[in-house]
Amino acid sequence: MEQKKILIVGIMNETTNDINVCLGKYFTVQLCFGGPGVLDGMMKIVKPDLVLINLVEYYVEAAGAFHLLSKEYKETPVVTIGNSREYEMFLPFYQGEQFENLERPVSKINVLRKCCYRMKVDPDSMNFVKKKQILIVDDDAMWLRTAKEWLKDKYEVTLATSGTQAMTAIGKKKPDLILLDYEMPVCNGKQVFEMICADEFTKEIPVVFLTGVSDKEHIAEVLMLKPAGYLLKPVAYQKLVDVLKNELSEK
């Protein structure tokens, strides 16, 4: 079967790059950066089976792209990736069947499956491997960036800098495991853990505490809560990977 072609429209940013890498494993992907004139030329050359528009930072040119695609290429399915505000900016275009939006944040596997659906490709035939979802909660922004960089190739990583953000993130996308800082201001790790355990939806999620205090009394206090595990800061890369593999029963 001839490989399907996807044209990704937007500007080059982290989201566009991630989508390009992800879809490029399964489809022929071309990138289009520019206004309606550039898009029109690329549509004629590539003749894509689907257009994917990344609306992040693409407000200025997006209106022209929507009008062009709806008038000149109405048979080509269009999937957009945008938040609720971006979606509402172009709401009239979503009333028909051509345009469909995936609300950010969206996992790569959901982008893949939606593209398959719109191009009438059986997703089960593509041998997608669904990544485990990891939520990391810590008020140390530098550590969060480091941990995500370490884990992003193997896991879908969501970051939260507070207990409130953590509970919001869990409500949107249930993680397979949570790395939770014990010593956070305002709403600390213990309080977050107790909320997780009190909810039927989340109580089975394994939680690994992160703590920078290593004295015996403190560790005993942490272990009394019966988390899935704990890691002492600073966390070494290999130790973190080994703990995740063990808790997620990975080989």
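Trainee: What should I know before I start?
Mentor: The model is predicted, with local features needing pLDDT of at least 70, side-chain atom pairs counting only at pLDDT 80 or more, and totals for chains, interfaces and linings using all residues. Residues are numbered from 1 along each chain as its sequence is written, and side-chain values use heavy atoms, leaving out hydrogens and water.

Trainee: Okay, backbone first. Which peptide bonds are cis?
Mentor: Here's the general idea: most peptide bonds are trans, and most residues other than glycine have a negative phi. In this structure, a cis bond joins Arg 104 and Pro 105, with omega about -5 degrees. The bond from Lys 233 to Pro 234 is cis too, with omega near -5 degrees. To place them, you need helices (H or I, at least four residues) and strands (E, at least two), which are DSSP runs numbered from the N terminus. Pro 105 sits in the loop between strand 5 (99-103) and helix 5 (108-118), while Pro 234 is in the loop between strand 10 (229-232) and helix 10 (237-247).

Trainee: And phi? Where is Lys 47, with its positive phi?
Mentor: Lys 47 has a phi of about 50 degrees, and you'll find Lys 47 in the loop between helix 2 (36-46) and strand 3 (50-54). Lys 226 has a positive phi as well, near 60 degrees, in the loop between helix 9 (216-223) and strand 10.

Trainee: Is Lys 47 buried or exposed?
Mentor: Buried means under 20% relative accessible area, exposed over 50%, and partly exposed in between (1.4 Å probe, protein chains only). Lys 47 has 56% relative accessibility, so Lys 47 counts as exposed. Lys 226 is exposed because its relative accessible area is 71%.

Trainee: How many bridges join strand 6 to strand 7?
Mentor: Strands pair if DSSP finds at least two bridges between them. Strand 6 (residues 133-137) and strand 7 (residues 156-160) run parallel, joined by five bridges. For example, Ile 136 has Leu 159 in strand 7 as its bridge partner.

Trainee: Last one: which residues have the most contacts inside the largest nonpolar core?
Mentor: A nonpolar core is a set of buried Ala, Val, Leu, Ile, Met, Phe, Trp, Tyr and Cys residues joined through side-chain atoms within 4.5 Å. The largest has 22 residues, and those with the most contacts inside it are Leu 7, Val 9, Leu 39, Val 51, Ile 53, Phe 66 and Leu 69. Strand 1 (5-9), helix 2, strand 3 and helix 3 (59-72) each give two or more residues to this core. Helix 3 provides the largest share, five residues. Apart from this core lies another, of 20 residues, with Cys 22, Phe 27, Val 111 and Cys 116 among them.
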